[in-house]
Amino acid sequence: VSRPKPGEWEEGNSNNGNKWTTLEHKGPLFPPEYEPLPNNVSFFYNGNPVKLTLPAEEVATFYAKMLDHEYTTKSSFQENFFTDWREEMSVEEREQIKKLSKCDFTHINKYFLDKSEEKKAMTKEQKQVLKEENNKLTEEYGFCELDGHREKIGNFRVEPPGLFRGRGEHPKMGKLKKRIQPEEITINCSKGSNIPVAPKGHRWRKVQHDNTVTWLASWVENVQGNFKYVMLNPSSKLKGEKDWQKYEVARKLKLKVETIRRLYREDWKNREMKTRQRGVALYFIDKLALRAGNEKEESETADTVGCCSLRVEHITLHQEKGGQEFMVEFDFLGKDSIRYYNEVPVEGRVFKNLKLFMENKEPEDDLFDRINTTYLNKHLNQSMPGLTAKVFRTFNASTTLQEQLNKLTTGYLEEKLLSYNRANRAVAILCNHQRAAPKTFEKSMQNLQDKVAQKQQQLDVARKELKDAKKEHKRGGTERTRKLVEKKEAVVKRLEEQLKKLQLQMTDREENKVIALGTSKLNYLDPRISVAWCRKFNVPIEKIYNKTQRDKFAWAIDMTEEDFQF
């Protein structure tokens, strides 16, 4: 990919709304057609084998592949699946198949498990052939020509059909995501370019030439009616510029934040309830890095909330708790149905206002019933152009990382990396980025413990040998005994360092067990902070960012000196 050179990131960064002059690509890559099950693999209903029509069989395989997943144990998943599956059946099948409980998908499930095992057991050569075929497709469909640069495309594959999962208790889980046809796809490219050819026997829904947007193709998925886009890869110049601008806005907030804080504190005593609610909501967004919380279609999505959509039932007020006064206890489901639970002391006036906002309300009533995100963002934009509630999250995350790194960084490479992860962890905790402990956690921890025990044993032996060598040298010191002592000292020192390294790894892994560091690292932390830190403390950048991340943050790596501070 021809990437801009240092200093070239600014070129063509025009503000007239046009994102490109020329854009040419091959269009998206469609998933392979459905491959029918072999005759010896059956679906059973009420104990009898049933040969399904192809549309019904394909949807049955989606469910069969998920039998081992907890989703298929959930009643709403089962109901949604069965309703949508019946729509794909023939009249005869619908007459016959009336209850999911009488359906037996185990033979189909076993067939796919066996196929997956076969794939795992492939020889190195067979895997290489597959890899090369994949690379060929990526070469053909995975790149576009944009303003003379060959740019990588992010997701050039159209999503295959399957069953919708959703996050948390999504009311639409189990519904059928239908196969996308070319007739549903809009192509975006420049006027004089080679227009992508639709698959044989098909045509595109529409071909347009809109250079104010950066997507290459789009369609609407059937489950939630959302637009899906084929976009450029994060490593592309356009994405890099957008990323850079995002962090520049957050840095500008740094200069204004004290004024904004002073103003929202004044709002707490305003005569108008709407203004008071705005002041308290901004305080939460700033202090706790809460998401703003956008209004959503009722009943269409899982019941998740952000700051503006908090309900009375989501907070509990404690005049005094654990020796601290004015405590607010938060308990709600945030984005992706991740639980946010926090107990925080707030200022007296905020506490008093919250009491007021909750007066004469039912638990299911809105806490901030006079304001919404749009109103909040409009107000913020008046304080500083481009400022939205979202910017506070980026600003507070990056500020936290910078402060923690300045405070924590010590020692040799392994200790520095632990300091970095601890700083990153502080941000992930602030942003509530949780994860379930990895399935392999216990096993990998056990492996590390075994290595530590082994190393400790080696160290004990080495220390004893050193002691003996010193005794011998004391008895009758010769050049040989002196050299032996030096040699044994070097061994002990090396083993001590190796042991310390393993212990640091264990500490890091344990502290990281349920915290997801990646989200903040990729989306909320100005990469220039990390790049400057690496340069200043002689840490190789690849210890912090992998290859994909280094491509995404090429703009930061190209332009950052070691003295950069957010």
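## A nonpolar patch

A surface patch here is made of residues with over 30% relative accessible area and no salt bridge, and nonpolar side chains are joined within 5 Å. In this predicted model, Val-220, Phe-227 and Tyr-229 make one such nonpolar patch. Its area is about 280 Å².

Where does Tyr-229 sit? Its place is in strand 12, which covers residues 227-230. Is Tyr-229 buried, partly exposed or exposed? Tyr-229 counts as partly exposed, because its relative accessibility is 32%. Buried would require under 20%, and exposed over 50%.

## The chain as a whole

The protein chain has 566 residues, and 42% of them count as buried. It holds 17 helices and 15 strands. Along its principal axes, the C-alpha trace spans about 100 × 75 × 55 Å.

## Charge

How many positive and negative side chains does the protein chain have? There are 102 positive and 86 negative ones. The centres of the two sets lie 4 Å apart.

Lys-19, Lys-242, Lys-335 and Lys-390 form a positive one. Lys-335 is found in a loop. Strand 14 (324-333) lies on one side of that loop and strand 15 (339-345) on the other. Lys-335 is partly exposed, since its relative accessible area is 49%.

Which residues does Asn-211 contact, leaving aside neighbours within four places in sequence? They are Gly-17, Asn-18, Lys-19 and Trp-20. One of these, Lys-19, is also a member of the positive patch. Lys-127 gives another reference point for Asn-211. The two are 84 residues apart along the chain, and their C-alpha atoms are separated by 40 Å.

Technical notes
Residues are numbered from 1 along each chain as its sequence is written. This is a predicted model: local features need pLDDT of at least 70, side-chain atom pairs count only at pLDDT 80 or more; totals for chains, interfaces and linings use all residues. Side-chain values use heavy atoms; hydrogens and water are left out. Patches are made of residues with over 30% relative accessible area and no salt bridge: like charges are joined within 9 Å, nonpolar side chains (Val, Leu, Ile, Met, Phe, Trp, Tyr) within 5 Å. Accessible areas come from the Shrake-Rupley method with a 1.4 Å probe; for residues, only the protein chains shown count as cover. A salt bridge is a side-chain nitrogen of Lys or Arg within 4 Å of a carboxyl oxygen of Asp or Glu. Helices (H or I, at least four residues) and strands (E, at least two) are DSSP runs, numbered from the N terminus. Buried means under 20% relative accessible area, exposed over 50%, partly exposed in between (1.4 Å probe, protein chains only). Lys and Arg count as positive and Asp and Glu as negative; His and the chain ends are not counted. The place of a charge is taken as NZ of Lys, CZ of Arg, CG of Asp or CD of Glu. Contact means heavy atoms within 4.5 Å.
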